[in-house]
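Here are a few exercises to work through with the model open beside you. Try each task before you read its solution.

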Amino acid sequence: MLVLGVESSCDETGIALYDTEGGLLSHALHSQVAMHAEYGGVVPELASRDHIRRVVPLLREALGASGRRLADVDAIAYTQGPGLAGALLVGCAFAEALGVALGKPTLPVHHLEGHLLSPLLSSRPPTFPFVALLVSGGHTQLMRVTGVGRYELLGETLDDAAGEAFDKSAKLLGLPYPGGALLSRLADQGRPGVYELPRPMLHSGDLNFSFSGLKTAVLTLVREQGGNLDEAFKADAARAFQEAIVDVLVKKALKALKQTGLNQLVVAGGVGANRQLRERLDSEARRKRFQVYYPELEFCTDNGAMIALAGALRLQAGSQPKAAGEFAVRPRWPLADLMIG
Ligand code: KG4
Ligand code: ZN
């Protein structure tokens, strides 16, 4: 079965072809990061317009690289939500229209399910069940994943998402949008222990997170400098911020493993690209004898491959695709609604 995947929930347009026999055949991606950087954040209207411009050329690119024809596609999976309504509408309308034109069914997919399952695209995939730490620009959640469509929320952020905290702190330190990866690079040059930032909810006794206080602590540090942010300060502050947030993410992930009795941890979402987070988790995994899995770096941030994969796995798990034509996007969509069986 050949599944075409379409992603357009935020600022990346992604198209991919996933074959249930042959795996991922091809994927094509366009990131709008450079376009939004000028405004310091994603401008929803510009995002929607850019998805419209990119989606057909990306489909051609992915098809060309896959060696298959459009007529070979058996079903079209696309991100129905959560995300920006206008951006979602582009991918959704495109996928449904293509489905009508080809006479092929469609399958709406939850964006976070794509992230959750994305480590299955790697050459060394995890097996069910596992604990997933989902850390993206919009979400921070710990989940027990027992199979496709079987997700139990163990804990989540009560305010900012981890990626959002990275991006907002980066902005406070004068870095351009989206600052997460840049802040992380800067932190590598910072000295450890120069500043001590709070580890919010570390001892809350549950698996929830809160990061807005950490961002405020960065703001306070910045204000104390009286408007003079030299490079050494920025690097030391970035280091302190990264150490605090990574510490909380690692300790809560360990707690989730202990609580569930599972010994596999999957890290998904854009912050999963963070090097310090990976190093800390790898060393804990060696010490505490659990396995940790990450998506390939290119599949950490938004992409079409994870949507094609999630669609294919859903179809294999018994989800019925629908006749193409009618659709609605779901900008807000709790993952709990997805349970199969
Ligand atoms: O998963 P994703 O593409 O977006 C959502 O679906 O929300 O993740 C994007 C987020 C951004 O906040 C970005 O700053 C962050 O992931 N990010 C990083 C790194 N690379 C991307 N955060 C920390 N360290 C990184 N290396
Ligand atoms: Zn995402």
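**Exercise 1: the ligand site**

Task: find which residues come nearest to ligand 1.

Solution. Step one is to list the shell, where a residue is near if one of its heavy atoms lies within 4 Å of the molecule. There are 19 residues around ligand 1, and G137, G138, D167, G270 and N274 come nearest.

Before going on, a note on the ground rules: this is a predicted model, in which local features need pLDDT of at least 70 and side-chain atom pairs count only at pLDDT 80 or more, while totals for chains, interfaces and linings use all residues. Residues are numbered from 1 along each chain as its sequence is written, chains are lettered from A and ligands numbered from 1 in the order in which they are written, and side-chain values use heavy atoms, with hydrogens and water left out.

Step two is to look for polar contacts (a pair of N or O atoms within 3.5 Å; within protein, one must be able to donate a hydrogen and the other to accept it, and residues adjacent in sequence count only if both atoms are side-chain atoms). A backbone N or O atom of G138 is 3.0 Å from an oxygen atom of ligand 1, and for a backbone N or O atom of G180 the distance to a ligand oxygen is 3.4 Å. A polar backbone atom of G270 also lies 3.0 Å from an oxygen atom of ligand 1.

Two or more shell residues come from each of α4 (111–117), α5 (162–172) and α6 (180–189).

**Exercise 2: two helix pairs**

Task: describe how α8 packs with α9, then do likewise for α2 and α3.

Solution. Helices here are DSSP runs (H or I, at least four residues), and strands are runs of E, at least two. Axes are lines fitted to C-alpha atoms, for helices over the stretch in contact, with angles from 0 to 180 degrees between N-to-C directions.

First, α8 (residues 231–260) and α9 (residues 275–288) pack at about 35°, their axes 10 Å apart.

Next, α2 (residues 44–66) and α3 (residues 85–102) pack at about 35°, with axes 8 Å apart. The α2 side of the contact includes I52 and V55, and the α3 side includes V90 and F94.

**Exercise 3: backbone features**

Solution. Most residues other than glycine have a negative phi, and most peptide bonds are trans. The bond from G81 to P82 is cis, with omega near -15°, and P82 sits in the loop between β4 (75–81) and α3. The bond from F128 to P129 is cis too, with omega near -5°; P129 is in the loop between α4 and β6 (130–135). Lastly, M201 has a positive phi near 60°.

Notes: Contact means heavy atoms within 4.5 Å.
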